[in-house]
Amino acid sequence: MRALFASLSVNVLLAIFLVSLGFRNYGLSKSLQVNRAGVRAVGVAGHVNRACKKDLSVRSSKNSDIQIDQATRRGAMQGGIASTFSLLAAPAFAKGPKGFNLHKDTGDRYQFLYPFGWEEIYVKGTDILYKDIIEPLETASVTVIQTEKSSIKDYGDLADVSTSLAEKVLTPAGQTVKIVKAAEKEDNGKTYYQFEFTAQNPRYTRHSLVSAAINNGKYYIFVTGSNEKRWSVMGERLQKVADSFKLV
């Protein structure tokens, strides 16, 4: 398993660490969780909008002979937004089954369902992360890591990989980890290691579902979960979320 941990960057480990603890516990305000670089499609429109306004303002100040009316500015901004979206391999957001939305990333080629009402936030090291707006431990995230392996089996068998991920990657040190169940799944020629575990600390117990797989030189780790106290309410829904994760 040493190769697995060597492939995980510091940013990835930090992101998984913060997700496992819950953002409220670390005092991460929503403003710090916004993707300032504008690389998420959900924020592209706003960034392009501001960029177009600034660009038009600069051009106007440099050339007083050019007068751009309000209608032209709106057209330029809308055109810029449309062009940006057409150039990006942006995630696609679609309506899923009742109570869920579908997230489909056409660039990294994966998809999954997440509960309606969850919001996307940016945490460095994760490819995508959604969380409940009230419950900090209710999240769904995907981490994508470059790898030379061609299959998840190359890292070890189901028991070895699930235990190592749960104890050494997905849980901060000092917590009591218990594997609830684990299974191997084959889908369209790809092998998935799926497992359920709990991580207990003095303040709370987090209940998590994980799906891990490798495809085209990328190692995908999908994690969703909630506080153990909420599992009776959220467990069935989160199981649906975990089962929906698929490489496409």
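Two elements count as in contact here when heavy atoms lie within 4.5 Å. The structure described is a predicted model.

**The sheet**

An open sheet is formed by 7 strands, ordered β4-β5-β6-β10-β9-β8-β7, with antiparallel pairing. Its edge strands are β4 (119-120) and β7 (176-187), each of which pairs on one side only.

Which strand does β7 pair with, and over how many bridges? β7 pairs with β8 in the antiparallel sense, over 11 bridges. One of the residue pairs that link them is V177 with its bridge partner A199 in β8. The hairpin of β7 and β8 has 2 residues between the strands, and in this hairpin N188 takes a positive phi near 55°.

Strand β9 is joined to strand β10 (residues 218-227) by 10 bridges, and the two run antiparallel. Here S208 has G225 in β10 as its bridge partner.

**Two residues of β9**

Strand β9 covers residues 205-215, and N215 lies in it. N215 has a value of 16%, so N215 is buried. T205 has 18% relative accessibility and therefore also counts as buried. The table lists their contacts, leaving out residues up to four places away in sequence.

| Residue | Relative accessible area | Contacts |
|---|---|---|
| N215 | 16% | K190, Y220 and L247 |
| T205 | 18% | T198, A199, Q200, S226, N227 and E228 |

A199, a contact of T205, is also the bridge partner of V177.

**The helices across the sheet**

Helix α6 lies across β7, β8 (190-200), β9 and β10, and runs at about 135° to β7. Helix α7 (residues 231-244) lies across β6 (139-146), β7, β8, β9 and β10, running at about 165° to β10.

Why does the span of α6 agree with its number of residues? The expected span is 1.5 Å times one less than the number of residues. Helix α6 (residues 158-169) has 12 residues, so at 1.5 Å a residue the helix should span 16 Å; the C-alpha atoms at its ends are 15 Å apart, which agrees.

The buried residues in α6 include L158, V161, S162, L165, A166 and V169. S164 in α6 is buried too. An α-helix has 3.6 residues a turn, so residues three or four places apart point the same way.

Definitions and conventions:
Residues are numbered from 1 along each chain as its sequence is written. This is a predicted model: local features need pLDDT of at least 70, side-chain atom pairs count only at pLDDT 80 or more; totals for chains, interfaces and linings use all residues. Side-chain values use heavy atoms; hydrogens and water are left out. Helices (H or I, at least four residues) and strands (E, at least two) are DSSP runs, numbered from the N terminus. Buried means under 20% relative accessible area, exposed over 50%, partly exposed in between (1.4 Å probe, protein chains only). Two strands pair if DSSP finds at least two bridges between them. Axes are lines fitted to C-alpha atoms, for helices over the stretch in contact, and angles run from 0 to 180 degrees between N-to-C directions.
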